[in-house]
Amino acid sequence: MTPSDDTCDREPPLRLPEPPPPPSPALLRRAERGWAEFLRRAEGPVRTGDAS
(Lines give C-alpha, C1' and ligand atoms only; values in the text may rest on other atoms or scores of the structure.)
Protein backbone atom coordinates (compact mmCIF):
# COMPACT_ATOMS: atom_id res chain seq x y z
CA MET A 1 0.00 0.00 0.00
CA THR A 2 1.33 3.43 -0.86
CA PRO A 3 1.29 6.23 1.73
CA SER A 4 -1.47 8.05 -0.13
CA ASP A 5 -3.83 5.05 0.03
CA ASP A 6 -4.31 5.09 3.79
CA THR A 7 -5.03 8.82 4.21
CA CYS A 8 -8.76 8.34 3.63
CA ASP A 9 -9.01 6.14 6.71
CA ARG A 10 -7.54 8.79 9.02
CA GLU A 11 -9.50 11.82 7.79
CA PRO A 12 -12.79 12.62 9.51
CA PRO A 13 -15.87 12.29 7.30
CA LEU A 14 -17.01 15.42 5.51
CA ARG A 15 -19.84 17.30 7.16
CA LEU A 16 -22.44 19.11 5.14
CA PRO A 17 -22.97 22.76 6.08
CA GLU A 18 -26.12 23.72 7.91
CA PRO A 19 -28.89 24.98 5.60
CA PRO A 20 -29.49 28.72 5.73
CA PRO A 21 -32.35 29.97 7.89
CA PRO A 22 -35.69 30.63 6.19
CA PRO A 23 -36.23 34.18 4.87
CA SER A 24 -37.89 36.65 7.19
CA PRO A 25 -41.53 37.64 6.63
CA ALA A 26 -40.40 41.19 5.81
CA LEU A 27 -38.07 39.91 3.11
CA LEU A 28 -40.86 37.77 1.63
CA ARG A 29 -43.20 40.79 1.52
CA ARG A 30 -40.52 42.91 -0.16
CA ALA A 31 -39.88 40.21 -2.75
CA GLU A 32 -43.62 39.89 -3.39
CA ARG A 33 -43.95 43.65 -3.96
CA GLY A 34 -40.94 43.61 -6.28
CA TRP A 35 -42.37 40.72 -8.29
CA ALA A 36 -45.72 42.48 -8.56
CA GLU A 37 -43.97 45.63 -9.82
CA PHE A 38 -42.01 43.57 -12.34
CA LEU A 39 -45.21 41.99 -13.66
CA ARG A 40 -46.97 45.36 -13.80
CA ARG A 41 -44.14 46.86 -15.86
CA ALA A 42 -44.07 43.81 -18.13
CA GLU A 43 -47.69 44.49 -19.16
CA GLY A 44 -46.68 47.73 -20.87
CA PRO A 45 -45.35 48.11 -24.40
CA VAL A 46 -42.37 45.99 -25.28
CA ARG A 47 -39.25 47.97 -26.07
CA THR A 48 -36.96 46.62 -28.74
CA GLY A 49 -33.42 47.57 -29.69
CA ASP A 50 -34.53 49.12 -32.98
CA ALA A 51 -33.95 52.88 -32.97
CA SER A 52 -35.49 53.34 -36.43
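Helices (H or I, at least four residues) and strands (E, at least two) are DSSP runs, numbered from the N terminus. The model shown is predicted: local features need pLDDT of at least 70, side-chain atom pairs count only at pLDDT 80 or more, and totals for chains, interfaces and linings use all residues. Residues are numbered from 1 along each chain as its sequence is written, and side-chain values use heavy atoms, with hydrogens and water left out.

View 1. The protein has 52 residues, and 0% of them count as buried (buried means under 20% relative accessible area, exposed over 50%, partly exposed in between, with a 1.4 Å probe and protein chains only). Its accessible surface comes to about 5800 Å², and 60% of that belongs to carbon and sulfur atoms. Accessible areas come from the Shrake-Rupley method with a 1.4 Å probe; for residues, only the protein chains shown count as cover.

**View 2. Trp35 and Phe38 form a stacked aromatic pair.** A search of the whole structure finds one aromatic pair. In this pair, Trp35 and Phe38 are 5.2 Å apart centre to centre, with 20 degrees between the planes. Rings of Phe, Tyr and Trp (its six-membered ring) pair if their centres lie within 6.5 Å; planes under 30 degrees apart count as stacked, over 60 as edge-to-face and the rest as tilted. Both residues, Trp35 and Phe38, lie in helix 2 (residues 25–42), where they are three residues apart, about one turn of the helix.

**View 3. Trp35, Phe38 and Leu39 make a nonpolar surface patch.** The patch covers about 350 Å². Patches are made of residues with over 30% relative accessible area and no salt bridge; like charges are joined within 9 Å, and nonpolar side chains (Val, Leu, Ile, Met, Phe, Trp, Tyr) within 5 Å. Trp35 is exposed, and its relative accessible area is 53%.

**View 4. The side chains of Glu37 and Arg40 meet in a salt bridge.** The N to O distance is 2.5 Å. A salt bridge is a side-chain nitrogen of Lys or Arg within 4 Å of a carboxyl oxygen of Asp or Glu, and a search of the whole structure finds two. Glu37 and Arg40 both lie in helix 2, three residues apart, about one turn of the helix. Glu37 is partly exposed, at 28% relative accessible area.

**View 5. Arg41 also forms a salt bridge with Glu37.** Here the N to O distance is 2.8 Å. Because Arg41 and Glu37 are four residues apart in helix 2, about one helical turn separates them. Arg41 is exposed, with a relative accessible area of 62%. Salt bridges that share partners join Glu37, Arg40 and Arg41 into one network.
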